[in-house]
Amino acid sequence: MPIQTKLTKLLGIRVPVVQGGMQWVGLPRLVAAVSNAGGLGVLTALTQPSPEALRTAIRETHKLTKNPFGVNITILPSINPPDYEGYARAAVEEGVTIFETAGNNPGPLIKFFKSHGCIVIHKCTTIRHAKSAERLGVDCLSIDGFECAGHPGEEDIGGVILLARAAQELKIPYIASGGYGDGRGLASALALGACGVNMGTRFMCTVESPIHQNIKDTIIAATESDTTHIFRTLRNTSRVFKNSVAQEVVAIERRPGGAKFEDIRDLVSGQRGRLVYETGDPNYGVWTAGLVIGIIKDSPTCEALLRRIEREAEEVIDALHAQRVPAPTAKL
């Protein structure tokens, strides 16, 4: 029996699982595979070099799935900001109605999407930011714990506490992000009040993921100890795979007097990270990975993965229900 939540009703999907935006990974084939399997696939807008290229990617995805899918637009500090407005307009004009937003000052984007009747899921790493996004009118929040890949914020709060606080404070639905990759995780998120989960790293390790097989094998062989944080001293923390380049960045940041971005710019180049996924060399550049790598043991199809997550979650929920026993009848 399918697990029906506020998320599945809101998005018109079968499985309460969102494939979060991932730079260089959120491409049409993966996105369509997730949506065809019953979850919500999400294209990463900024993986495309221009708004027009995003239009092409959206059209390709429409050809591959008739199910709902979304587009992620993440606003990050940049010397030369991308054309966020252009990406947003292109996606709306191509018929996308579901958006995942993240990053700094999302108000203008959220206002634009809501003015066109779109559904907005906004990613947050603190309850303070979540309540701010709630006031801006988003439909759902993605609560990112410290376990997540990429940017976990600067307050280092784990998912369990963040979700418990979300249950206390938020009035709109929220999903859990960071550390999720199986049915036990989905069931635990539902128990903490979430209406679904957001998964990124787990979807990197699927048949339809566009990254090199050697990187998938590296993830499968890794443990939960194989990630590290870079940019800590620059107050722009990012969780990445613990390879030789990432460790060099950390060493530079720990030098007396600290480091400037210019000191590590070449090491953390986005193009080097992209080549990791294309060439299969896990030590060529920095690449994001969450703590969930510790529980990833295979690279199935998206269909098989989501079917398994559904089954495992149902088994956990049934087992918990079975632990309830009738209260003893009082003797008169």
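Entry 1: I began with β5 and strand β6 (residues 140-144), which pair in the parallel sense over 4 bridges. Two strands count as paired here if DSSP finds at least two bridges between them. Helices (H or I, at least four residues) and strands (E, at least two) are DSSP runs, numbered from the N terminus. I noted that Ile121 has Cys140 as its bridge partner in β6.

Before going on, I wrote down the ground rules: this is a predicted model, where local features need pLDDT of at least 70 and side-chain atom pairs count only at pLDDT 80 or more, while totals for chains, interfaces and linings use all residues. Residues are numbered from 1 along each chain as its sequence is written, and side-chain values use heavy atoms, with hydrogens and water left out.

**Entry 2: the other neighbour of β5.** I then looked up strand β4 (residues 98-103), which pairs with β5 in the parallel sense, again over 4 bridges. Here Glu100 has Ile121 as its bridge partner in β5.

How many residues of β5 are buried? I found 6 of 6 for this strand (residues 119-124), so I noted β5 as mostly covered. Buried means under 20% relative accessible area, exposed over 50%, and partly exposed in between (1.4 Å probe, protein chains only). Ile119, Ile121 and Lys123 point one way from β5, Val120, His122 and Cys124 point the other way, and all are buried.

**Entry 3: the whole sheet.** I traced an open sheet of 8 strands with parallel pairing, in the order β1-β8-β7-β6-β5-β4-β3-β2. Its edge strands are β1 and β2, each of which pairs on one side only. On average, neighbouring strands of this sheet are turned by 30° against each other, direction ignored. Axes are lines fitted to C-alpha atoms, for helices over the stretch in contact, and angles run from 0 to 180 degrees between N-to-C directions.

**Entry 4: α2.** Helix α2 packs on the sheet, where it touches β1, β2 and β3, and its direction makes about 160° with that of β2. Contact means heavy atoms within 4.5 Å.

Why did I note α2 as largely enclosed by the rest of the structure? Because 7 of its 9 residues are buried. The buried ones are Pro28, Leu30, Val31, Ala32, Ala33, Val34 and Ser35. They pack against β1 (17-19), β2 (41-44), α3, β3 (69-75), α9 (201-204) and α14 (302-322). Just after α2, I spotted Gly38 with a positive phi of about 110°.

**Entry 5: α2 with α3.** Helix α2 (residues 28-36) and α3 pack at about 40°, with their axes 9 Å apart. In this contact, Pro28, Arg29, Val31, Ala32 and Asn36 of α2 meet Ala57, Glu60, Thr61 and Leu64 of α3. By class, I got 5 nonpolar, 2 polar and 2 charged residues. Ala, Val, Leu, Ile, Met, Phe, Trp, Tyr, Cys and Pro count as nonpolar, Asp, Glu, Lys and Arg as charged, and the others, Gly among them, as polar.

**Entry 6: α3 with α4.** Helix α3 (residues 51-64) and α4 pack at about 30°, with axes 9 Å apart. That makes α3 roughly parallel to α4 (angles under 35 degrees count as roughly parallel, over 145 as roughly antiparallel, 65 to 115 as roughly perpendicular and the rest as oblique). Pro51, Leu54, Arg55 and Ile58 of α3 make the contact with Gly86, Tyr87, Ala90, Ala91 and Glu93 of α4. These residues divide into 6 nonpolar, 1 polar and 2 charged.

**Entry 7: α4 with α5.** For helix α4 (residues 84-93) and helix α5 (residues 107-115), I read an angle of about 20° and axes 11 Å apart. That makes α4 roughly parallel to α5. Tyr84, Ala88, Arg89 and Val92 of α4 meet Leu109, Phe112 and Phe113 of α5. This contact has 6 nonpolar, no polar and 1 charged residues.

**Entry 8: Val197.** Last, I picked Val197, which lies in strand β8 (residues 197-199). Is Val197 buried or exposed? At 1% relative accessibility, Val197 counts as buried. Not counting residues up to four places away in sequence, Val197 touches several residues, including Pro16, Val18, Ile175, Tyr180 and Leu186. Val197 and Ser142 are 55 residues apart in sequence and 8.1 Å apart in space, C-alpha to C-alpha.
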